[in-house]
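Work through the exercises below with the sequence and the model in view. Each task is followed by its solution.

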Amino acid sequence: MSLALIAALPFLGALLPGLMIRAGKNACALAAASATTLALILLGLNAPAVFRGEVIQTRIEWLPQLGLNANFFLDGLGFLFTGLILGIGLLIILYARFYLAKSDPMGQFYTYLMLFQGAMVGIVLSDNVLLLLVFWELTSLSSFLLIGYWKHLPEGRQGARMALTVTGAGGLAMIAGMLILGQIAGSYDLSVILTQKEAIQASDWYLPALILILIGAFTKSAQFPFHFWLPHAMAAPTPVSAYLHSATMVKAGLFLMARMWPVLAGTEAWFLIVSTTGLITMIIGAKIAFFKDDLKALLAFSTVSHLGLITMLLGFGTEEAAVVAIFHIINHATFKAALFMSAGIVDHEAHTRDIRRLGGLRTLMPLTFTIVTVAALSMAGIPPLNGFLSKEMMLEEAVHTVWWSSPWLLPALATIGALFSVAYSFRLIAHVFLGPVRDDYPAKPHDPGFGLWAAPAFLAVLVVLIGVLPMPMVGDLVKVTASAVTGEAAYVKIYHWHGFVPALFLSLTAVGGGFVMLGLYRPLARLWDRAPRPEAKAIFDGLMEPFAERSRRVTEALHDGALTRYFAIATVTIVAAAAFAFWGAPYAPGLRAMTPVAAVPLIGWTLLVGATIALFLYHRNRLLALVLVGIIGLMVSVGFVYLSAPDLALTQISVEVATVILLLLALNFLPKRSANLSTPARRTRDAVIAGVTGLGVGALIYALMLRDFAFPTIADYHLANAKSGGGGTNVVNVILVDFRGYDTFGEITVLGIAALVIFALTEALLRAGPANDRLTGWIPDARRAGDRHPLMLVVATRMILPIALMVGVYIFLRGHNQPGGGFIAGLVVAIALVMQYMASGFAWTQARQKIDYHALIAAGVLIAAACGIGAWFNGMPFLTSAFGYVHLPPLEEFELATAAIFDLGVFLTVVGAVMLALASISRIAIRAGETVNVRPYEIEPGRPVKIEEA
Amino acid sequence: MELLVASAIGTMTACGIYLILRRTTFPVIVGLAMLSYAVNVFIFASGRLALAMPPIYDPATKGYTDPLTQALVLTAIVISFGMTAVIVMMALGAFLEHGSDRIDTDDDAPEDGA
């Protein structure tokens, strides 16, 4: 279980910052950090087992029919990556807290960051390839949000789009590749697939699967020719660059290659594709990095280059190379994250990261200088730092590798890559920190506060420690990880002095050459600027533009902003699909006997159909339309009574009243007639669409009603168990509060939300703005009644109120056994209250009632929830009801059911929601100058009436 | 009886569809209300029609109507009220903000005033 929890914790943590932003930025950062720390601790608890070489598994069935299960496993490889993701994540959370400006929405940032973290942890812990793919796509999406975090910057938006397009497209290719692998192996579980090396490599589908999966890995890890998105993604805030683009996301591709290494590696195709791609990427990335003037661009291309190096090592397909690859993943994460964060510090303090405008920062920012120097020297491969160790080992492996049937080509090219790497590392130190202090920095640079330098300093310390004491620091970790990659116990021995071996001379050549290149920087840069080179962004935009143009055209044709068009398209599509289904299958008339027709239902039908046709004809007179709707609603209720549905009839008729009142209130402020905006042709078209749809729907239900159930209906189960299991004889109510109580719970929540939305809309309308201006200057367009609060109505409603409330309570109490229940009782009570408003005036009534409708809604939902949770204490699932029979001496025996408590929640929510909706609209009327009456009646007996001239 | 119910549902659907294709808010609201009636009765009728049969458990009765569709429809009625209320409020808000109750912005169709 703990593995699933490790993956779930960042997602849970993602909820907190977004919600807690009002509690302050520290609280936000702390919430994100706590979730990460907790996940790290959980991971740490599994460490002893992992180092013993065990594989820890968690299996949760999700959709077993599809082979999609939430299976997780943790071996050395997963452990290393989870540790990197969570550990560096923690440092980034700290760093970002101090890096982001006051104006940046920090809650959002942490939410996105935690989402990304969760997705990454999910990738590295997944045991199911389908689950892995879900997380894989999730990293693309969350990184899109993070790269585009500064929404106001066009580079940010474009960079985010490019990253999403490239990595998303790669992800699609990978899905296909993974599905092929799953088909060959007969399982979508990685732990099974990884044992099927022979079957997979012997299959004809091996090469397609390999290429597809590698496209996914290469796009994610920015390998040539997909490397171009990474520098553009640098428009992201620096914490994002440090996290996604040095330590984690771009390593997901490497992780995948390492994960699939046991089944995919070892063939000629793997060796050629992977090592060649890695080599080209390493050299190209390093070369471009040397000439970049933007600090982050330099680091971005250097990352591309180092990712290429690791890819190349994995491509060699030997166990020794895999060990080096793993070791370099650790080293690169430490020094590159430190460098990115330091670049962010320089940018933050000097307000520029253009190398041409910097220089001489050594004395101004001594602390940052120290951190950068340590990390950059490690990147260059200078002893005794950790970058030296892995680079030396890489060159050693290169020397032993025959590539394109040449024993010296690969070492030579690898040395060139290393040489460029030395050159740009030295340039980073020399051109930013060394040299004379300038007097034209955009801002006065100085070392930052502890919060900013703590994280990179910690990483720099790790760089030194791993460099000096490699075996005690990471020996076991590399060993257990490499063993997980290769599937066999790996031999790990990392040391500084290998003797006078070829790798040493290659290394010396690289360092010497790097120095020379730095010295020749100016002439070289001039040469570089003159040389023509492809501009990746222009090519990408050129490729994308036709697609974007075409999809824009289709979208604009379908979604032109006209609601009527959507409705028309949707309706026609549904009707066409139904017609297609109907004509494509044989038709036999239904055999069920028809129910006889009596005279009374025929009258009802005539009224209903007549009113509907009248509505169609006269809908532009809105008041008349409302009257007709009332008739139709009434006839539907009567129909329910006749067709043995008393509960529905009661609900329908009370909802009818509330709806008509609502529409009347709204109509007060809307035009009383609908303007005719459609041409006759268009009306005809609409009438045809409507007619055909109506005919189809009518025919469908007619055919349905004349047939028996195709499957035994589950209604029988409900009928049989209502009394014995739910303790009530009104099966409809028992279904609502018991069998399908969870649905009902959802429904009252939705109802409550709807009422709150209405309230919020009202608040928005009543704020200063055009709507408010229009309301305060409102001129009624209809004549007012002379007697707005008629004496008879006021007296009658007041007399009715207690009776109506009693009826409400009665309907509520009998609901479990007889027609009635919380919904209907709520509506009845709401209408009784609304009648007071209507008769005596809104303000007069509002002043006399102390009910807060918000509280009523909240209480209703909470009571229903509490009732459901109560079942847990009985050891039963959520919302299981209990009932018993009680006998109190003067009364007859009666029943007590927990379902009644749930129904009480329903009742309160319904009352609150209906009242809040109606009261909100009434508030608009008050703003529009509706007079507030002091007395309940307009004309009071015994009070002299002043008659005004009209 | 089946024919009556089916034709009533068909008529209400047709009227509802016609109204939601209008271009001012109020007919669309009324049209949605009509569609709610039609759909509710449709779901109800899919439990088949039953005359004078209770949905109330009673050992003495000889048959029942289908309680399941009734329960479904009951909540649907209440929810459709909530939905109608929200759209009414949106329509009202839009009208008060802009002084017009048109619901779309394409200007290709002229006003013919008929």
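Two residues are in contact if their C-beta atoms, placed from the backbone, lie within 7 Å. Helices (H or I, at least four residues) and strands (E, at least two) are DSSP runs, numbered from the N terminus. The model is predicted: local features need pLDDT of at least 70 and side-chain atom pairs pLDDT 80 or more, while totals for chains, interfaces and linings use all residues. Residues are numbered from 1 along each chain as its sequence is written, with chains lettered from A and ligands numbered from 1 in the order in which they are written.

**Exercise 1.** Find how α1(A) and α2(A) run relative to each other.

Solution. Take helix α1 (residues 2-20) and helix α2 (residues 25-51) of chain A: their axes come within 8 Å and cross at roughly 175°. Axes are lines fitted to C-alpha atoms, for helices over the stretch in contact, and angles run from 0 to 180 degrees between N-to-C directions. Angles over 145 degrees count as roughly antiparallel, so α1(A) is roughly antiparallel to α2(A).

**Exercise 2.** Name residues that join α1(A) to α2(A), and sort the contact by class.

Solution. On α1(A), the residues include L5(A), L9(A) and L16(A); on α2(A), they include A31(A), A35(A) and L42(A). The contact has 17 nonpolar, four polar and no charged residues. Here Ala, Val, Leu, Ile, Met, Phe, Trp, Tyr, Cys and Pro count as nonpolar, Asp, Glu, Lys and Arg as charged, and the others, Gly among them, as polar.

**Exercise 3.** Describe the contact between chain A and chain B.

Solution. Chain A gives 96 residues and chain B gives 83 residues. Helix α28 (residues 680-705) of chain A supplies the largest share of chain A's side, 15 residues.

Terms used
Angles under 35 degrees count as roughly parallel, over 145 as roughly antiparallel, 65 to 115 as roughly perpendicular and the rest as oblique.
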